[in-house]
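Here is a short walk through one protein model. Keep the sequence and the 3D view open as you read.

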Amino acid sequence: MTDSIMSKAATMEIPINSNGDTGTLPEDDSLEQATKLQWSLAEKDLQQVMVSGPNLNETSIVSGGYGGTAEGIIPTSSIKGSSMQHSSSSSSMAGEEATRGVAVEKLESVKKWSLNTYKCTKQMISERFGRGSRTVDLELEAQIEVLRDTKRKYETVLRLARALTTHFYNMVQTQHALGDTFADLSQKSPELRDEFGYNAETQKLLCKNGETLLGAINFFVSSINTLVNKTMEDSLMTIKMYESARLEFDAYRSDLEELGLGPRDAVAIARIEAAQAQYQIHKDKYERLRSDVTIKLKFLEENKVKVMHKQLLLFHNAISAYFAGNQQQLEQTLQQFSIKLKPPGADKPSWLEEQ
C-alpha cells in the first residue's frame, strides 16, 4: 500500500504558473499526511514483530507475488491439518487392508471346510445306500473290531471290580465297628469277658487283613482303569482319525473318478488336475494314519498282555491269601508288587480342608 501511494505521488502532474513557480495543490497536504501515517503504521508493525516474534501459526504463503490479492493466500495451519489428515487416513487404510485380509482368510477356510464336509457327507450317504465304494483293509478292520470288543469286556471287569471294592470296604467298616462293640462289652460284662474278647480280636484281625486286601484290589482297579480309559482310549482316538481320513480319501477318489468320465476341455483338465492334487494329499494322510493305527495296535496288545499278567496274578494271590487266613502271604503279595498301604484316615480331609 505504501508503494502504491509513493508511486502515485511520483507520477502526479506538477502545474507551473505563469511566473515559473510551482503552485500549491490542495492534495499535497493530504498526500503528505497519508504518507506519514503509512510509515508510522509500518514502524509499529516492525516493532511488534521484533518484540513478540513472528507467529508461525498465522503465517501465510502468498501466491502470485508480493502485493497479490487475498485469493492467493494459503494459511499454514491448513497445510498442517491436511498433512495430519493424510497420515490418519493412510493408517486407517492400512487397518482396513489388514481387516480385509483376515476376513478373506476366514472366508477361504469356511469355503474349504464346507466343500470338504459336502464331499464327505455325499460319500457317507452313498456308502450307506450301497451306491458308493469304500476302501477296506480287512486285516486292520478285524483288529479294530477286536480292540473295541476287548474294551467293552474290560469295562465290565472294571465296573465289577469297583463294585467289589465298595462292598468289601463296607464289610471292613462293619467288622471294625463290630470289633469295637465286642471290646466294649468285654469290659462291661465280666461273666462274658473272655468270649467277647475273643470275638473282638478276631474282628480286628479280619479288619486288618481286609484293609490289606483292599489295598491290593484298589491297585488292581487303578491299573485296569489306566489300561481301559487311557491306553485303549488313545488308540481308539487314533482309529477315529484314521476312519475320518479314510472317508475323506474315498470322497476325493470318487470325485476324481467322476471328473475322469466327463469331457476333456481346458476347464475340465484344470479341474481334474486340482482334484488329482487333493486326492494325493488325502491319500498320503490316509496311509500315514493307517500306519499309525497298525503300530499302536501292536504296542497296545503287548502292553495289555504285560499289564494284565501282573494284575491277574496280584488279584489271585491276594484273594487266596485273604480267604485262607494267611496274613503273612497276603503281606508278601503286597510287597511283591510294591504296593504301599495308606494309613487309616489318610483319605479323610483334614480339619482345615473341611473348613
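Start at Arg253. This residue is buried, with a relative accessible area of 13%. Here buried means under 20% relative accessible area, exposed means over 50%, and partly exposed lies in between, with a 1.4 Å probe and protein chains only. Arg253 belongs to a network: salt bridges that share partners join Glu127, Arg134, Arg246, Asp250, Arg253 and Glu257. A salt bridge is a side-chain nitrogen of Lys or Arg within 4 Å of a carboxyl oxygen of Asp or Glu. Glu257 counts as partly exposed, at 44% relative accessibility.

A word on the basis of these values. The model is predicted: local features need pLDDT of at least 70, side-chain atom pairs count only at pLDDT 80 or more, and totals for chains, interfaces and linings use all residues. Residues are numbered from 1 along each chain as its sequence is written, and side-chain values use heavy atoms, with hydrogens and water left out.

Now step back to the whole protein. It has eight helices and two strands. These are DSSP runs, numbered from the N terminus: helices are H or I with at least four residues, strands are E with at least two. Along the sequence the pattern reads α-α-β-β-α-α-α-α-α-α. Of the 355 residues, 25% are buried. The accessible surface comes to about 25500 Å², and 58% of it belongs to carbon and sulfur atoms. Such areas come from the Shrake-Rupley method with a 1.4 Å probe; for residues, only the protein chains shown count as cover.

Contact means heavy atoms within 4.5 Å.

Return to the charged pairs. The structure holds 16 salt bridges. One of them joins Lys119 and Asp255, with the closest N and O atoms 2.8 Å apart. Lys119 lies in helix H3 (residues 76-128) and Asp255 in helix H5 (residues 193-260), so this pair ties together parts that are 136 residues apart in sequence. Both Lys119 and Asp255 are buried.

Another salt bridge joins Lys151 and Glu155, where the closest N and O atoms are 2.5 Å apart. The two are separated by about one helical turn, because they sit four residues apart in helix H4 (residues 138-188). Lys151 counts as buried, at 10% relative accessibility. Glu155 is partly exposed, with a relative accessible area of 33%.

Helix H3 also holds Ser126. Ser126 is buried, with a relative accessible area of 17%. Leaving aside residues up to four places away in sequence, Ser126 touches Arg131 and Gly132.

Next, the nonpolar side. A nonpolar core is a set of buried Ala, Val, Leu, Ile, Met, Phe, Trp, Tyr and Cys residues joined through side-chain atoms within 4.5 Å. The largest one has 43 residues, and those with the most contacts inside it are Ile144, Leu147, Ile239, Tyr242, Val293 and Leu297. The elements that give it two or more residues are H4, H5, helix H6 (266-323) and helix H7 (327-336). H5 gives the most, with 18 residues. Look at Leu147 in detail. Beyond residues up to four places away in sequence, Leu147 touches Met232, Ser235, Leu236, Ile239, Leu297 and Leu300.

Last come the rings. A pair of aromatic rings is described by the distance of the centres and the angle of the planes. Rings of Phe, Tyr and Trp (its six-membered ring) pair if their centres lie within 6.5 Å; planes under 30 degrees apart count as stacked, over 60 as edge-to-face and the rest as tilted. By this rule there are seven aromatic pairs. Phe168 and Tyr322 have ring centres 5.2 Å apart and planes at 75°, so the pair is edge-to-face. Phe168 lies in helix H4 and Tyr322 in helix H6, so the pair ties together parts that are 154 residues apart in sequence. Both Phe168 and Tyr322 are buried.

Tyr322 and Phe323 also form an edge-to-face pair, 4.9 Å centre to centre with 85° between the planes. Which of these two is buried and which exposed? Tyr322 is buried, with a relative accessible area of 10%. Phe323 counts as exposed, at 62% relative accessibility. Elsewhere, ring pairs link Tyr242, Phe249, Tyr279 and Tyr286 into a cluster.
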